[in-house]
Amino acid sequence: MIIIKHIEAVKKILSLRYKPGGSTGFVPTMGALHKGHISLLEICKAANDFCVASIFINPTQFNNPADFEKYPVTLEKDIEMLEAAGCDLLFLPLKEEIYPAGETPVHYELGYLEDILEGTYRPGHFQGVCQVVDKLLRIVKPSTLYLGSKDYQQCMVIQKMIEVSGNKVSLQLCPTVREPDGLAMSSRNLRLDTIERKHATAIIQALKHIKNNLTKGQTDSLTTEAVDELKHQGFKVDYISIADASTLLPVSAWDGNSRLIALAAAYLNDIRLIDNIELN
């Protein structure tokens with residue numbers, strides 16, 4: 001595995017490795033890797049001639065500076081995991097190269113997608129995500145970008161960013177990887193203590209309650225029940241929403257046919273967890 005920190009060196013390596021008709025897959029991460037990240041890499045590796053991953057803790061997407069400071073850093077372990085999974089190139093960008101001094105940030109026209117759900121509680125977050133992903137895509141120039149479905153809204157936002165920026169990359173969403181007890185794998189899980197870790201599964205249980213009790217007609221009572229249960233378990237709930245899976249617009253009355261997704265975000269003490277499941 002090649003490890004590179006500088007943008008021009010990445011571009012040079014990729015130009016040397018380019019094969020007419022070949023394909024490059026890309027898995028961007030913020031490190032603290034787990035099996036979910038590696039599953040993306042394995043899917044990428046199986047479908048492409050060259051597989052690139054990046055690790056960059058992006059400061060512009062953190063609303064809370066303390067959250068940025070507490071984000072886990074496990075670089076040595078991350079490198080070992082990527083090498084074992086067959087990653088061809090690991091890009092470790094430098095902050096001063098990704099965000100040069102004096103640069104004016106690009107603003108992306110994302111529409112309502114950046115203002116609902118996560119956008120309500122994390123204003124500006126998705127602009128920060130788009131800034132770094134757009135920059136990385138322009139550096140790596142992959143054929144396909146691989147993202148995990150756990151960050152479902154973020155995936156939709158990035159798809160919108162790709163469209164408005166005119167990038168030709170294909171986005172592939174990959175299934176959420178879960179622990180044996182159902183908890184969605186996340187770098188934030190590393191911050192959970194033993195007791196918090198046991199309680200964390202209440203989020204997926206609340207979403208499964210919605211899935212198991214979904215019927216045609218009104219859905220508001222299901223979200224209310226799920227919120228109440230999480231509060232009972234000690235969570236501070238930002239939202240639980242039943243939404244159209246293709247638009248993320250809330251659905252309060254289901255026609256029995258449209259594809260739905262349930263999404264949740266809640267704090268367990270000071271750790272914010274998110275999850276989602278498709279309902280039908």
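In what order do the 6 strands of the open sheet lie? The legends below begin with that sheet.

**View 1. The open sheet of the predicted model.** The 6 strands follow the order β1-β4-β3-β2-β5-β6, and their pairing is parallel. Strands and helices are DSSP runs numbered from the N terminus (strands E, at least two residues; helices H or I, at least four), and two strands pair if DSSP finds at least two bridges between them. At the edges are β1 (2–4) and β6 (170–174), each of which pairs on one side only. From one strand to the next the twist averages 25°; angles run from 0 to 180 degrees between N-to-C directions, with axes fitted to C-alpha atoms, for helices over the stretch in contact.

This is a predicted model, in which local features need pLDDT of at least 70 and side-chain atom pairs count only at pLDDT 80 or more, while totals for chains, interfaces and linings use all residues. Residues are numbered from 1 along each chain as its sequence is written, and side-chain values use heavy atoms, with hydrogens and water left out.

**View 2. Strand β3 and its partners β2 and β4.** β2 (residues 24–29) pairs with β3 in the parallel sense over 6 bridges, and G25 has C51 of β3 as its bridge partner. The chain passes from β2 to β3 through helix α2 (residues 35–47) in a right-handed β-α-β crossover: with the strands pointing away from the viewer, the path from the first strand over the helix to the second runs clockwise. To β4, β3 is joined by 3 bridges; S54 is partnered there by F91. F50, V52 and S54 point one way from β3, C51, A53 and I55 the other way, and all are buried (buried: under 20% relative accessible area; exposed: over 50%; partly exposed: in between; 1.4 Å probe, protein chains only).

**View 3. The pair β5 and β6.** Strand β5 (residues 144–148) runs parallel to β6 and is joined to it by 5 bridges. G148 has C174 in β6 as its bridge partner.

**View 4. Helix α11 (residues 220–232) and its cover.** The buried residues of α11 are L222, T223, A226, V227 and L230. They lie on the same side of α11 because they cover an arc of only 130° around the axis, taken from the directions from the helix axis to the C-beta atoms. On the other side, K231 and H232 are exposed. The cover of the buried residues includes α10 (202–213), β8 (235–244) and β10 (260–268), where contact means heavy atoms within 4.5 Å. Just after α11, G234 takes a positive phi of about 95°.

Note on methods:
Expected span 1.5 Å × (residues − 1).
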